[in-house]
Amino acid sequence: MVIKKILGAILLLTVLALPQTVFAEKTDWTDRNFYFRNIRTVIVFDATVSPGVDVGGSIAVLNIQDRFRQDSRKLPCRIITEAQARQIIGGQIRMNLDALSLSNPMQARQIVMQNAYNLGADAWIVANVDAWGNQTYVEPERTVWENRRQTRTYYDQWGRRHEESYMTQVPVTYPPRRVDISTVQVTMQAYDARTGALIFARKDVRDREDYSAQSGMFGRISNSFYEDLAKKIR
């Protein structure tokens, strides 16, 4: 019993020491008339970042794109990356889309989208990082009443010593502390390759009490998106 109490206390302290999610919200929209089970091939475009949003430089952008592509493997269908689609479609229309993507990436992407159905794709997916940042504030000193375990000793009628535990409320004062909040917002969308119509969209907003935890948060956002989309396709 004593060992179980000690282990329980250690587990509680470990949980309290970990960064805690402050806010998380997913907002979805789904085209109820679209039959997702017909999807057999999907083009996954590279994730983009909104102008003015600093994710940590060009290498950080590449890592975001890599993670979004890797998680697409959760989909129960064939995956074509944006780079692969440019190569194939560029060959079909006799145009160097790789070169165009360096000078005008949006135009190159539009050409891929316009020819996606001819490539054999049933849908395409895009993602954009709308927000990525840190906020800091100081939580002032505070006193709260908390339950604490106390032990008292007593002797029975035969003079034997006993101990018993009980819970009581005591005032506990916490000093001021710095609080760091990591924020990520990502919009992900899936489109019908035949018509270009939106079929599934998600805005995922997350705050976490931690510093520069956005990469891990983005990974969970990406993973959740593909897991939920995969359920629609199966």
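**Figure 1. Charges and overall dimensions of the protein chain.** The mean positions of the 31 positive and 25 negative charges of the protein chain lie 6 Å apart. The model shown here, as in every figure below, is predicted. Its secondary structure consists of 7 helices and 9 strands. The radius of gyration is 27 Å, well over the 17 Å that the globule rule gives for 234 residues, so the chain is more spread out than a compact globule. Along the principal axes, the C-alpha atoms occupy a box of roughly 100 × 40 × 30 Å.

**Figure 2. Surface and contacts of the protein chain.** The accessible surface amounts to about 14500 Å², and carbon and sulfur atoms supply 51% of it. Of the 234 residues, 37% are buried. Among contacts with a separation of 6 or more, 73% are between residues 24 or more positions apart.

Figure 3. Strand β5 spans residues 123-139 and runs parallel to strand β2 (residues 41-44), to which it is joined by 3 bridges. Within this pairing, Ile43 has Trp124 of β5 as its bridge partner. Strand β3 (residues 48-49) also pairs with β5 in the parallel sense, over 2 bridges. The pairing of β5 with strand β8 (residues 177-192) is antiparallel and comprises 16 bridges. In that pairing, the bridge partner of Gln135 is Ile181 in β8.

Figure 4. Trp132 is placed in strand β5. Its relative accessibility is 13%, under the 20% limit, so Trp132 counts as buried. Leaving aside residues up to four places away in sequence, Trp132 touches Val53, Asp54, Val55, Ile64, Thr183, Val184, Gln214, Ser215 and Phe218. One of these, Thr183, is 51 residues from Trp132 in sequence, while the two C-alpha atoms are 5.5 Å apart in space.

Figure 5. Ala24 belongs to strand β1, which covers residues 21-30. With a relative accessible area of 49%, Ala24 is partly exposed; the label "exposed" requires over 50%. When residues up to four places away in sequence are not counted, Ala24 touches Val205 and Arg206. The C-alpha atoms of Ala24 and Gln185 are separated by 9.8 Å, and these residues are 161 residues apart along the chain.

Figure 6. Although Arg94 is not a glycine, its phi is positive, at about 55°. The relative accessible area of Arg94 is 80%, which means that this residue is exposed.

**Figure 7. Ser212 in the loop between β9 and α7.** Ser212 is located in the loop between β9 (198-209) and α7 (214-233). Ser212 is not a glycine, yet it has a positive phi of about 50°. Its relative accessible area is 41%, so Ser212 is classed as partly exposed.

Technical notes: Residues are numbered from 1 along each chain as its sequence is written. This is a predicted model: local features need pLDDT of at least 70, side-chain atom pairs count only at pLDDT 80 or more; totals for chains, interfaces and linings use all residues. Side-chain values use heavy atoms; hydrogens and water are left out. Helices (H or I, at least four residues) and strands (E, at least two) are DSSP runs, numbered from the N terminus. The radius of gyration is taken over C-alpha atoms; the globule rule is 2.2 Å times the number of residues to the power 0.38. Buried means under 20% relative accessible area, exposed over 50%, partly exposed in between (1.4 Å probe, protein chains only). Contact means heavy atoms within 4.5 Å. Accessible areas come from the Shrake-Rupley method with a 1.4 Å probe; for residues, only the protein chains shown count as cover. Lys and Arg count as positive and Asp and Glu as negative; His and the chain ends are not counted. The place of a charge is taken as NZ of Lys, CZ of Arg, CG of Asp or CD of Glu. Two strands pair if DSSP finds at least two bridges between them.
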